[in-house]
Structures are given as C-alpha cells and as structure tokens.
Amino acid sequence: MGKAKMSKIARKEAIEGYLCIAPWLIGFTCFTLGPMLFSIYISMCDWDIINAPKFVGFANYQQALLHDFRFIQSLKVTITYAIFALPMGLAGSLLVALLLNQNVKGMTWFRTIFYIPAVLPGIAVAMVWRWIFNPENGILNVFLGSKIWPMIGFHNGLSIEKVALVNQPPAWLADPQWALPAFILMSLWGVGGGMIIYLAGLQGIPTQLYEAAEIDGANPVQKFIKITLPMISPTIFFNLVMGVIGSFQVFTSSFVMTQGGPAYATLFYLLYLYQKAFQYFQMGYAAAMAWILFIIILICTLLIFKSSSTWVYYEAEVKGRK
Amino acid sequence: MATVVREEKIRKKSTSKRIANFITYTLLISGSFLILIPFYWMVSSSLKEASQIFKSPPEWLPTQQVKMKIDGKEYGVFTMSQGEDVLKVAGVIPMDPASETTAVRVMEGETIGAKELTVTKTALTEVRKVSPVWDNYPEALKFMNFLGCLKNTCIITFVCMVGQILSASIVAFGFARMRFPGRDILFIVLLSTIMLPPQVTLIPIFKIFTSIGWYDTFYPLTVPAFFGGGVFFIFLLRQYYMTIPIEMDEAAKIDGAGTFGTFTKVILPQAKPALATVAIFSFMAHWNDFLGPLIYLSDPTKRTLALALWSFQGEHATDWHLLMAAATVVMLPLLTLFFCAQKYFIQGVVISGVKG
C-alpha cells in the first residue's frame with residue numbers, strides 16, 4: 001500500500017521532470033538529433049537543395065580528402081592559423097591575466113579595457129581591422145613606417161629583412177604571404193577573452209600556498225612554476241580545448257576581410273564550407289565537410305583529454321588518493 | 001644588529017616591490033594602449049572628411065579646412081609663399097576644376113582684405129584646424145537604414161533572450177531537482193551536444209526552415225531559442241541550481257508549494273546572478289550573430305545591424321569614414337551594456353569556468 005503510494009508520487013515527479021525538460025527534448029529531437037541523422041545521409045548525396053538528393057556513397061568524402069586542392073588548402077590555412085594563434089593567444093592571455101591579478105590601483109579599469117574586444121560584434125571588429133591593415137592608409141603601416149624606429153636606434157639593431165619591412169611595410173590582406181599573419185595578429189588583440197577565464201582560475205588559488213612557499217624561501221619564478229602553473233592547469237586545459245574548437249570556427253573575419261583571398265591564403269575551413277553550401281549549393285559536399293570537421297575536433301579533443309592526465313592537476317583527485 | 005638586518009630586508013622588499021609595480025604598470029599601460037588604438041583609429045576615421053581619409057601618410061586627428069562665409073560665398077583659407085614671406089589668403093570654394101589658376105584675396109588678420117591675386121592652385125596649401133565631421137554619422141546611418149535594422153536586431157535579440165532564459169531555467173530545474181528515469185543519461189547527451197559543431201546540423205535545419213516557408217522571416221533565428229537553444233546556458237544554470245541548498249525546496253514544499261511554486265518562489269530568486277549572466281551572454285550572442293541572419297534573411301528591410309554593416313561595406317567599400325562611423329554605432333550598444341553590467345560578465349565566467 002505504502003509502496004504504491006510512493007511510486008505514485010515518484011510517477012508524478014517523473015512526469016513533472018519530463019515536462020520541465022520537454023523544451024530541450026523537443027529541441028534536441030528537432031534541431032539536433034534529426035538534423036544530425038539527415039546530415040549523415042545528405043553527406044552521402046549529391047544535393048543542390050532544390051532537386052531530390054542523389055545517393056553517391058562516400059564520393060563527397062573522397063572528393064574532399066583526395067581531389068579538392070581547395071579543401072586541403074582550407075585545412076592548411078586553419079591548421080597553420082591554429083598552430084600560431086593558439087599558443088600565442090594562450091601565453092598572451094595568461095601573461096595579461098598574471099599582470100591583472102595583482103593588487104594595484106586601477107586594476108578594474110585595466111581589466112575592463114583588456115576584455116572589451118571580446119564582447120564586440122565580430123563583423124564590426126573585422127571591418128575596423130580591414131581598415132587598420134590597409135596598405136597605404138592603414139594605421140599599422142603608418143606605425144611600421146614611422147620615424148620612431150630609427151629614432152630609438154632600431155635601424156642598427158634590426159636585421160636586413162626587418163629593416164626592409166620597416167622601409168616597405170607589407171600589404172597585409174592584399175599579400176598572400178602576409179594575409180594569414182594579419183589574421184593571427186588580429187586574434188592576439190582578443191586575448192581578453194581567454195584572460196578573463198585565467199583570471200577566474202588565478203583567483204581560485206588559495207593564498208596559503210604562496211605564503212607557505214615564501215616561508216620556505218621560494219622566489220617568484222619558483223612560485224610561478226611550482227604553484228601557479230599546476231593550480232591553473234585545468235584552466236589552461238579548458239582554454240586549449242576551447243581554442244582548438246575556436247580556430248575551426250573562424251568565419252566572420254575571413255568572410256568580411258578577405259573572402260578567402262588572396263590566392264586562397266585565408267580560405268578558412270568554415271568559410272569554404274559556407275561557400276560550398278550557400279554559394280555553390282553543393283549541400284552534400286558541405287555536409288561531408290561538416291562531418292570531417294566534427295571528426296577532426298573530436299580527435300583533437302580526445303588527444304588533449306588523453307594527454308591531460310600528465311599535465312593537468314586536479315586538486316580533488318589528489319585529495320581522493322590520500 | 002638583528003633589527004638592522006630586518007630593516008634592511010624590509011627596505012629591500014619595498015624597493016623590489018616598487019620596481020615590480022613599476023614594471024606591472026608599464027606593461028599594463030602599453031598593453032591597454034595597444035588594445036585601445038584600433039578604437040581610436042576607428043573613431044578618428046569616422047570623423048574625418050572623405051578627402052582626409054586617403055591622405056598619405058594618414059593623420060591622427062580629424063581636421064577640416066578653415067572656412068568663412070561672406071556675402072553668401074564660401075571661402076577657404078590657404079597659405080602660399082611669396083618670396084620669403086608666407087601669405088594667408090582666402091579663395092572661393094569649391095574652385096573651378098577646369099582652370100589651373102584661381103583668384104584669391106589676401107587676408108588681413110582674421111578678415112578677408114580687398115587685395116586680390118591670381119595664383120596657380122598648386123601654390124596653395126590649405127589651412128586646416130582640428131574639427132570633427134559629425135555629419136558622417138547621420139549619413140552612414142541613413143545609408144544603412146539604421147533605425148529599421150536596429151528595430152529588427154532588438155526584436156530578434158529580445159525574443160531570443162526571453163526564449164533562452166525561459167527554456168534554460170526550467171530545463172535546468174528539471175535536471176537539477178527532479179528525479180525521473182534516464183535523467184543522468186539525458187544530461188550526458190545534453191553535455192555532448194555542447195561539443196557538436198553547429199555546422200553539422202546547419203544544412204538540415206536550413207532545409208527544414210525553408211521548406212516550411214520560414215525563409216526570410218525571423219522565426220529560424222528565434223524559435224530554436226525556446227527549445228533549449230542555449231545548451232550551454234542549461235548547463236550553467238543547472239550547475240548553479242545545484243549549489244542552492246535542497247532544504248530550501250523542502251521548506252517550500254512543507255509550506256504547500258508545488259513543483260512550479262518551488263521553481264518560481266525558491267529557485268529563481270536564488271539564481272538571479274546566474275540568470276543575469278545568461279541574459280547578458282544571450283544578448284551578446286544574438287546581437288553579434290552574423291551567420292544566422294546572413295543565411296536566413298534576404299529582404300533589406302529585415303536586415304539586422306550586423307548584416308546591414310556587411311552590405312554597407314559591399315556598397316561603400318572605400319568610404320572608410322562612413323564605414324567606421326557605422327561600425328562605431330553598431331559597437332556602441334554593446335560597449336554601453338558592457339560598462340553597465342561588467343560585474344555580471346566577469347561573474348559569468350567564474351560560474352561557468354570554475355564550476356564547469
């Protein structure tokens with residue numbers, strides 16, 4: 001009797017529980033699971049979205065991975081970008097976070113300033129940078145070509161190539177050699193996004209650890225290597241995973257600034273996917289690209305997760321072992 | 001002896017601390033400088049006249065030629081060298097483009113004198129003063145149909161925000177507080193969809209929306225928000241709800257509150273900071289969204305600001321003064337929000353980053 005009553009309450013709770021999560025369940029079915037299955041199917045089809053899809057097996061995947069130089073180029077661009085922008089961004093944002101974690105006057109202002117670029121619309125930011133990179137009238141080349149350099153003695157200190165760079169600044173987005181470096185430079189402007197996550201991590205480090213180390217006579221470098229780095233390794237891990245995913249999600253900036261040019265030098269993966277889908281209407285091919293992207297991200301994330309046991313320090317884990 | 005050593009140590013420490021502070025400030029100030037220069041460049045360009053934009057080398061401040069109006073004619077002030085002297089002269093502008101020479105009148109102090117000269121145009125140098133061209137703003141706004149696009153952006157952003165807050169808060173409640181079979185598995189499924197690149201489902205969803213006639217409407221942008229569109233927000237809120245003591249729920253139940261009552265009277269008021277964070281991040285995501293409107297909207301009157309900015313760039317590729325004015329205006333609402341609600345931006349990161 002009692003048991004039946006309990007299960008009645010439990011059943012009521014279960015029904016209410018399902019009602020609560022119903023919005024997500026419906027959304028998941030209609031906007032995630034269903035489309036995913038459909039996407040697998042059309043990635044194996046020739047489909048221009050108007051006529052009926054024609055099944056072609058793995059031809060799209062084959063075409064992309066073996067015969068499409070632009071696909072390979074888009075992978076190259078994205079990976080090159082990630083290889084340079086990611087470590088520089090991780091280190092840069094950590095450095096800024098360390099600076100901003102100190103207890104000196106005016107810190108809130110500095111924090112605000114560094115975080116601003118992360119909240120702005122990508123399209124407006126991209127437009128401003130397109131103007132900054134303008135070869136003749138952009139501020140970057142004015143700066144590079146300015147008379148400051150010889151004045152502070154750089155004409156002796158710089159190698160010949162660098163002097164050449166100052167004398168004749170690069171054409172940035174118009175030059176296949178400099179277009180991707182321009183994107184990397186621009187990404188560094190946004191270090192504030194990662195910085196704020198590091199800052200949260202840094203503030204979670206108990207001060208007793210530093211106090212104890214000071215009593216033992218540790219210097220700042222030792223404190224950084226032995227306390228700060230291990231303690232924020234989970235944050236570095238989080239930023240690394242997000243950074244890898246983020247590199248594969250570059251779209252707006254390349255769409256606005258270069259449309260993939262010059263000479264495909266900035267044909268980012270997502271830009272090419274967009275072009276295939278919404279400019280050439282090769283939906284099957286684009287869907288195949290999306291799945292290849294999914295697999296790449298999955299492999300990267302798994303590798304990072306696998307490696308994390310060797311370099312990410314989890315406090316709870318150690319406590320558990322005791 | 002010992003005290004001397006200790007004092008020495010303290011003094012040494014305070015000097016080294018001072019040096020450290022100095023280095024910190026130097027780095028922070030130069031860093032902030034690098035962050036802010038693009039903004040300065042944007043705003044300063046947005047206030048220049050078209051002719052100044054393409055001056056090489058570019059100038060830091062917006063300037064205009066000094067002008068004066070006499071007898072309904074507009075005069076521009078120039079300088080020209082005559083022998084060893086530098087003369088200040090005024091000529092009627094705009095000048096006749098066909099002739100190489102022009103008549104100018106010599107300035108006497110701040111007024112135009114009677115003495116007239118005929119000179120070659122190339123001998124004249126404009127006298128300029130720092131003066132912003134505010135008219136760039138109304139012009140840029142008119143070109144991009146600013147008010148219409150602002151309205152569209154506000155509608156989409158607001159509806160999405162409401163949708164995401166409503167759906168995320170109640171779904172998160174289900175996962176945090178209710179017991180039902182399959183809950184934990186479903187939650188893992190939910191978490192794994194955070195990792196799913198949105199491009200995987202992009203094309204099928206596009207097909208679904210176009211085939212039910214929603215192309216070129218706001219529905220494809222707003223409706224998903226009501227169905228757990230912000231999966232990450234669900235996760236964030238669920239984590240936050242878990243930190244609210246369950247005893248509070250039980251107390252409410254004893255007072256006769258049902259499930260819904262517990263949700264609205266206990267959980268929601270307690271979760272205000274987290275909800276504020278969700279609201280802000282949702283606002284930001286939709287205000288800044290570009291790909292969604294790009295794919296689904298084609299009618300120029302339905303454009304969002306981001307889309308309008310893009311098409312404006314297509315039509316006025318080299319009118320940098322207008323483009324920068326438009327970019328400034330599109331950034332302004334976000335900057336304002338950011339400065340007003342800074343606390344919640346940072347807090348949101350703490351909630352999602354540290355507990356997640």
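**Chains A and B: helices, a hairpin and one valine**

A:Val241 has its place in helix α13 (residues 220–247) of chain A; helices are DSSP runs of H or I with at least four residues, and strands are runs of E with at least two, both numbered from the N terminus. This is a predicted model, in which local features need pLDDT of at least 70 and side-chain atom pairs count only at pLDDT 80 or more, while totals for chains, interfaces and linings use all residues. Residues are numbered from 1 along each chain as its sequence is written, and chains are lettered from A and ligands numbered from 1 in the order in which they are written.

Me: Does A:Val241 count as buried, partly exposed or exposed, and what is its class?
Reply: A residue is buried with 20 or more other C-beta atoms within 10 Å of its own, exposed with 12 or fewer, and partly exposed in between, with C-beta atoms placed from the backbone. A:Val241 has 17 C-beta neighbours inside 10 Å, so its class is partly exposed.

Me: Which residues is A:Val241 in contact with, leaving aside its neighbours within four places in sequence?
Reply: Contact requires C-beta atoms, placed from the backbone, to lie within 7 Å. The C-alpha atoms of A:Val241 and A:Leu302, 61 residues apart along the chain, are separated by 9.7 Å. With neighbours within four places set aside, the contacts of A:Val241 are A:Thr301 and A:Ile304.

Me: What is the radius of gyration of chain B?
Reply: Chain B has 15 helices and eight strands. The globule rule, 2.2 Å times the number of residues to the power 0.38, goes with a radius taken over C-alpha atoms. For 356 residues the rule gives 21 Å, and chain B is well over this, so it is more spread out than a compact globule, with a radius of gyration of 31 Å.

Me: Against which helices do the buried residues of α10(B) pack?
Reply: The buried residues of α10(B) are B:Thr262, B:Phe263, B:Val266 and B:Ile267. They cover an arc of only 125 degrees around the axis, which puts them on the same side of α10(B); the arc is that of the directions from the helix axis to the C-beta atoms. The helices of chain B they pack against are α4 (146–177), α8 (231–242) and α9 (246–254).

Me: Which residue takes a positive phi in the hairpin of β2(B) and β3(B)?
Reply: Strands β2 (residues 67–70) and β3 (residues 73–82) of chain B run antiparallel and are joined by four bridges; pairing needs at least two DSSP bridges. B:Ile70 stands opposite B:Lys73 in β3(B). Two residues lie between the strands, and the one with a positive phi near 50 degrees is B:Asp71.

Terms used
Two residues are in contact if their C-beta atoms, placed from the backbone, lie within 7 Å.
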